Each structure stands twice: as structure tokens, then as C-alpha cells.
Amino acid sequence: RRREAEDRGLSPQSVAIILWAVERSRLPISPDTAEFLADAAAAQMPHYKSMEFSNVLWAMARLGITPTLACQHEMLVKAAASMPELNAESLPRVLWALATLRMEPGARMLKAFCRRASEIVSSMNPQGLAILLWSLSKLEHPPPEELDRQLQARVLQTARSFPPQNVCMLLGAWVAMERQPSQEVLDALQVQAARTAHHYSEQGVSSLLWALGKMGRHCRPDLADAMMRRATLLESSLTTQGLAKVMWGLSAMGVQPSQELMPAMHRRFQALEGRFKPQETAMLNTAVRAMGLAW
């Protein structure tokens, strides 16, 4: 495979750059091209620097290039060899790629990832923190106690820089792992979410309210008001799942819908009637009963 790549004039760096450029451009690639790039990347894996390695994995995951078993083996060998060099940016990206590609690094390697993360978590930005926790949740390996403490401390330090997507990723990961952040961390994230509510998409609003509801935690009044205003504004964008999550999340937290929200949600319910999946219908019925509504 390496010989074929070299015959075509592709060095390890060339493959990395091509994958990065294609992912950035969102251009579609043929199955044959995807297979060739995956094989070339696997054959040249030992020659990548740690940042090139993380970029290759990230691009493959983003492009949906499923690595062969041989390619997966090369990836894991390289990950183990690169562990001391992985930094606050590259380590979360590698873990995200492994989780997205549904690879199984094994408990021993995941423990090594966590040890390295513990060494560098204090330098991670909001995206890195969210990706790290989300990836560990997908890989079914909750962070050990010390890393969890460090991660929450860093979230608290950087809470005012968290964009909507990263807040939702964090909360969703905690829910998936059946973990709970401290009240101080949750309050800081809720304050940030209320402050940036105007940037939340339909999916962001529904995911946030659903996650808080699943945690069984109190929703700050300013956040509840901000998210209900945002949901009302995004009425026409709500999917069946989004509507069910908004209503269920509010009811689970004991939040009474605003006068502006209810007519908007009812109109959207009528527009989507007949399209709800059984689980979504059950969530809506639970919410409607809890709120004492008659839809």
C-alpha cells in the first residue's frame, strides 16, 4: 500500500493534507478514493507527527471513511506511540475520531488517554473539554475521579467562553454516563447558556432542556425564560423530536410554559401531527399531563 502511494507521488504529509483539504471543502469523494486514502494513511501511519496523526484521524471520521481492520490496528499502534506528544488540541481530536469511527481502543489504552488528559486538561479550551468528555462517554469509559475533578475545575474556569454546541455536548455526555457535575459548574454553564441563548439553534434549545430534565436539576429562571423565548422564535424549525424534548424537559424541571410559548408549541404540534414516533408521542403525553394541558 505504501508503494502504491509513493508511485502516485503521495508522501505521508501529502495524504494528511489531502484528507484535511477535502474535509474542509466538504467535497464528496468516491468510495475508491476513500479506500485508497484510508490504505495510504494506514501504511504511512508510523511516519506522522502527533498533530498530523490527529488531523488524519479527524478528517477520516468527518468524511465517514471507515478504516479497515488493518488500518484500525495501525491507528491504535500510532496512538500508543504518540501518547506523550498529544496536546490539549490533538488528544481530544484523536479520542473523538476513535469514538466517531466506533473503534474499540480497549480499557488499557483508554486509561492511558485519561492519564495523559489529566496532565494537560488545564490547558484545554471549551471545545477540547466538550469533545474529551463526549468521546469518553461514547467509548463507555467515564473519566476517573481525578480527571473528572480537573475537568470540572477547567470548565468552571472557562465557562464564559463556552459556545452553545459545547455546552450541549458536555451536558449530553454527563447524562449518557449517568454522571452529575457540581452545582457550581452547572450554575456557571446555565448562566452562560442564558447569556448566549440568542445563538442557540432548534437542536441546541431542545438538547439543553432535555439534558437538564434528565439530570433532574433545577433550571435557573433566567435560563428557562431565555430558552422559552428562543423556542418560540424557532417554532417553525422544531422537529418532532425537538418539540418533544422541549416540552418534556420543561415539565421534568417543573417549569411552567410561558404564555408566548404555549400557542407556538401547540401550532407546531398541529403542523407535525401524524409524524411523531412512539417515543416522542410518549414524551409529549407525559409533558402535557404534567403541565395540566389539553392538546
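Reader: How many disulfides does the structure hold, and how do you know?

Author: This is a predicted model, and it holds 0 disulfides. A disulfide needs two cysteine sulfur atoms within 2.5 Å.

Reader: Is cysteine 168 buried or exposed, and what makes it so?

Author: Its relative accessibility is 15%. Buried means under 20%, so cysteine 168 counts as buried.

Reader: What about glutamine 192: buried or exposed?

Author: Glutamine 192 sits in helix H11, residues 183-195. With a relative accessible area of 3% against a limit of 20%, it is buried.

Reader: What makes the pairing of the glutamine 192 side chain with the backbone oxygen of phenylalanine 162 a polar contact?

Author: A polar atom of that side chain lies 2.9 Å from the phenylalanine 162 oxygen, and the distance limit is 3.5 Å. The backbone oxygen of arginine 160 is 3.2 Å from a polar atom of the glutamine 192 side chain. Residues touched by glutamine 192 also include Ala159 and Ser161.

Reader: Which residues touch the most other members of the largest nonpolar core?

Author: Phe113, Leu171 and Leu208, out of 106 residues. Helix H10, residues 164-176, gives the most to this core, with 8 residues. Among the residues that leucine 171 touches are Leu186, Leu208 and Met215.

How values were computed. Residues numbered from 1 in each chain as written. Predicted model: local features only at pLDDT ≥ 70, side-chain atom pairs only at ≥ 80, totals over all residues. Heavy atoms only, no water. Buried < 20%, exposed > 50% of the residue type's maximum accessible area, 1.4 Å probe, protein only. Helix = DSSP H or I, 4+ residues; strand = E, 2+ residues; numbered from the N terminus. Polar contact = N/O pair within 3.5 Å; in protein donor to acceptor, adjacent residues only side chain to side chain. Contact = heavy atoms within 4.5 Å. Core = buried A, V, L, I, M, F, W, Y, C linked by side-chain atoms within 4.5 Å. Lists of a residue's contacts leave out its neighbours within four places in sequence.
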